[in-house]
Amino acid sequence: MFAPLLQNLRDRRPLVHAITNYVTANDCANLLLACGASPIMADEPDEVPEITAHAAGLVLNLGTLHRTTIPAMVACGKTANQKGIPVVLDPVGAGASQLRTATALRLLREVRFTVIRGNLSEVETLARGQGGAPGVDSTQRVTADNLDACCALVRDFAHRTGAVVALSGAVDLVSDGQRVFIIRNGHPMMRLVTGTGCQLSCLAGAFAAANPGQPLEAAAAAVCAMGLCGEMAHVRLGPLDGSGSYRTYLMDAICRLTPDQLEKGARYELR
Amino acid sequence: MFAPLLQNLRDRRPLVHAITNYVTANDCANLLLACGASPIMADEPDEVPEITAHAAGLVLNLGTLHRTTIPAMVACGKTANQKGIPVVLDPVGAGASQLRTATALRLLREVRFTVIRGNLSEVETLARGQGGAPGVDSTQRVTADNLDACCALVRDFAHRTGAVVALSGAVDLVSDGQRVFIIRNGHPMMRLVTGTGCQLSCLAGAFAAANPGQPLEAAAAAVCAMGLCGEMAHVRLGPLDGSGSYRTYLMDAICRLTPDQLEKGARYELR
Amino acid sequence: MFAPLLQNLRDRRPLVHAITNYVTANDCANLLLACGASPIMADEPDEVPEITAHAAGLVLNLGTLHRTTIPAMVACGKTANQKGIPVVLDPVGAGASQLRTATALRLLREVRFTVIRGNLSEVETLARGQGGAPGVDSTQRVTADNLDACCALVRDFAHRTGAVVALSGAVDLVSDGQRVFIIRNGHPMMRLVTGTGCQLSCLAGAFAAANPGQPLEAAAAAVCAMGLCGEMAHVRLGPLDGSGSYRTYLMDAICRLTPDQLEKGARYELR
């Protein structure tokens, strides 16, 4: 079911405006180019609404959040909502500081998101309005043991926000408030490369921009594609390769992924 | 004719001060080290004139432009002009927002540039004072069809600004207002790596810093070198390699490029 | 003697808060993941004390220093001192501008550092309160000729600051004010990759966080590990590889380094 969505992404080459963080911005831009989209990074409040207005998609990422950037995020989100452009929220570190939690909650109030992608701590923080994450790398994980509870969490949070919620973990969950994709692609080594989550949020933005009206399938396709590429990158590892080469192979795999590979390699069930 | 210019760059190891963007700054710094120069990145208005005064070259890049950085760019440009240090302008996204267009035009008024390097949308925006670029990746390209018009554009813009203008596209044009180098090095895959334009602007700054008094030849050598390395990187691609490996091979090629390879590999005509 | 320190790092996976620069932040985060730690990057004054309070270690790096970030550095340093969390200072470019020199000296007054890591120009600037560095890449180097003078410099500066001082150069020196490790690991090619010093400072922060009460051994282990990985990366270089591949191999080596390899590969004498 995902092949045509990737084909649309390759064919339509959407321009995606990303307000992201200085740690992973380069990988996010290269990911957008690799998947077939075109990136534009800008976060100056004076110019960003214009930039968003040129774009087919918007991604807001709270990593290395600066207070001065918050109005830019709000303004771009509103512009995107007015233009009907899909908007992705990556609430990096929500729960790790009051500023990040409060900013994510403010964005949820002022912007209508198409996709919200985070880890369990971040999503729980936003869904339950309580913090407690130790950092941006969540120690709480979606596992077989808490799978039902996590499905209920994402379904409920998606239902309340009207956004597709993509919860990343050992198992990935993607829900629109009714159906839940339970996705088993991916490889643990992805956690040794910083910003694979940020990259996934950009990929979700690219899929959503290229496939208007199908946010659930677009987000699920992005999650399957990123995880599948993580598997393909792992297969390439040589005896001396570590996280440095893995990062490169992951980008290579995104660049070369075919609709047919995605169709055959996506491992999910739909509840 | 370009071999001695690269030899000078390797021998003189100029310190190049770059005010660039957080998306491509790491690649720009590594490019400067790979080509034989030494980078220093600083954009705090309070310190930058001092930093520029230590340097042999200056590069101003408008990607991820912040209003607070504009005075730093102006101050560094004036310092460089006073010291006789070559200055390169990369007007990333000029035309994509009023702020970027206005900032680029202000810099052109207040700073005397040695080299201006951009794509067709950016150069047209500055030359004709009109915007309209869809984003930082120009869709308008220099092609066989519009080659004469583009040659006239760069010659005229170079003549008016007193800068060497380097226009990047499927064909690259470099002019000092009289002569035009028409350069046919490069590979389309370079467009799948973010910041190859930013890197080229830094390479032009390094060549100009190492070859005072020869800005036209320095800029043309940088364009040929970058394009030639893009070709060499493409030759290395294996069956599983994509844009991730290509980015690494491109840096490797810059690092290993010899004056003799550049002399033999440069493909250009001079009008 | 260093094997157990690396084992502790792999086992304890400390969360390290780094306020670093936008040029090398991505490599710093990947280095922290590769060595077994977990990174969190944040520099917004409003949130950073909370972030530091979650962490087991703190790294303050002055590259691309912004005036607005200085209070964040001071606040985090004080929080870390109160919590007894090790703090590393990387005074990038101290001596290259009055702002950087003054900021580094202010941090030395207001924060008690566990480790100070820099090159000869930076350390001399702070030790003697005089500037004169040409840029962030020091041209002055620790060599056989000035080894005794450099040993005296680091011993004295460590004694006065109460910090372990790690001086990087052709030979690396690490002292706690009494003993001096003279370390001969490393490869000149490391200087062709931007931010290897920034990465080393983060590695020192990770070793210190995982080995409380052993700051001298932790810093020396980090210096030996980084240098040894630089040697291992060089061995892997193929005929077409340059600084791009070398950067990747260096990260791979950090990721795969075993306590036994570190024990056998560390080359140092203790004075």
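**Entry 1. Chains A and B**

I started with polar contacts across the interface of chain A and chain B. In this predicted model, the rule finds 20 residue pairs in polar contact there, both partners at pLDDT 80 or more. I then asked which elements of chain A supply that side. Those giving two or more residues to the side that touches chain B are α2, β2 (38-41), α3 (48-54) and α10 of chain A. I also sorted the residues of this side by class. They divide into 13 nonpolar, seven polar and 10 charged.

Next I looked for salt bridges. The rule finds three across the interface of chain A and chain B. I noted one of them by name: the side chains of D241(B) and R236(A) meet at 2.6 Å, N to O.

Then I took the contact count. On the chain A side 30 residues are in contact, and on the chain B side 32. How much area is buried between chain A and chain B? I read about 2,500 Å², with carbon and sulfur atoms giving 47% of it. In chain A, the residues that lose the most area to chain B are N26(A), L33(A) and E47(A). Together they make up 19% of what that side buries.

**Entry 2. Chains C and A**

I turned to the interface of chain C and chain A. Here 31 residues of chain C are in contact with 32 residues of chain A. The buried area is about 2,500 Å², and carbon and sulfur atoms give 47% of that. Which residues of chain C lose the most area to chain A? I found N26(C), L33(C) and E47(C), together 19% of what that side buries.

E47(C) came up again when I checked charges. Its side chain meets that of R100(A) in a salt bridge, 2.9 Å from N to O. The count between chain C and chain A is three salt bridges. For polar contacts between chain C and chain A I noted 20 residue pairs, both partners at pLDDT 80 or more.

I listed the elements behind the chain C side. α2 (25-35), β2 (38-41), α3 (48-54) and α10 (243-256) of chain C each supply at least two residues to it. α2(C) gives the most, with seven residues. By class, this side of chain C holds 13 nonpolar, seven polar and 11 charged residues.

**Entry 3. Cavities**

Five cavities of 30 Å³ or more turned up. Where is its centre, in terms of residues? Of the 28 lining residues, the closest to that centre are R247(A), T248(A), R247(B), T248(B) and R247(C).

I checked which elements line this largest cavity. α2 (25-35) and α10 (243-256) of chain A, α2 (25-35) and α10 (243-256) of chain B, and α2 and α10 of chain C each give two or more residues. α10(A) supplies the largest share, six residues. By class, the lining has nine nonpolar, 13 polar and six charged residues.

Last, I looked at the second largest cavity, with a volume of about 70 Å³. Its lining has 13 residues. Closest to its centre are V23(A), N26(A), N26(B), V23(C) and N26(C). By class, the lining of the second largest cavity has seven nonpolar, three polar and three charged residues.

Terms used. Residues are numbered from 1 along each chain as its sequence is written. Chains are lettered from A and ligands numbered from 1 in the order in which they are written. Side-chain values use heavy atoms; hydrogens and water are left out. Contact means heavy atoms within 4.5 Å. Buried area is the accessible area (1.4 Å probe) that two parts lose on being put together, summed over both. A salt bridge is a side-chain nitrogen of Lys or Arg within 4 Å of a carboxyl oxygen of Asp or Glu. A polar contact is a pair of N or O atoms within 3.5 Å; within protein, one must be able to donate a hydrogen and the other to accept it, and residues adjacent in sequence count only if both atoms are side-chain atoms. Helices (H or I, at least four residues) and strands (E, at least two) are DSSP runs, numbered from the N terminus. Ala, Val, Leu, Ile, Met, Phe, Trp, Tyr, Cys and Pro count as nonpolar, Asp, Glu, Lys and Arg as charged, and the others, Gly among them, as polar. On a 1 Å grid over the protein atoms alone, a cavity is a set of points where a 1.4 Å probe fits but cannot get out, and a pocket is an open set with protein on both sides within 12 Å along at least five of seven lines; lining residues have an atom within 4 Å of a point. Grid points are joined across faces, edges and corners, and a volume is the space filled by probe spheres set on the points.
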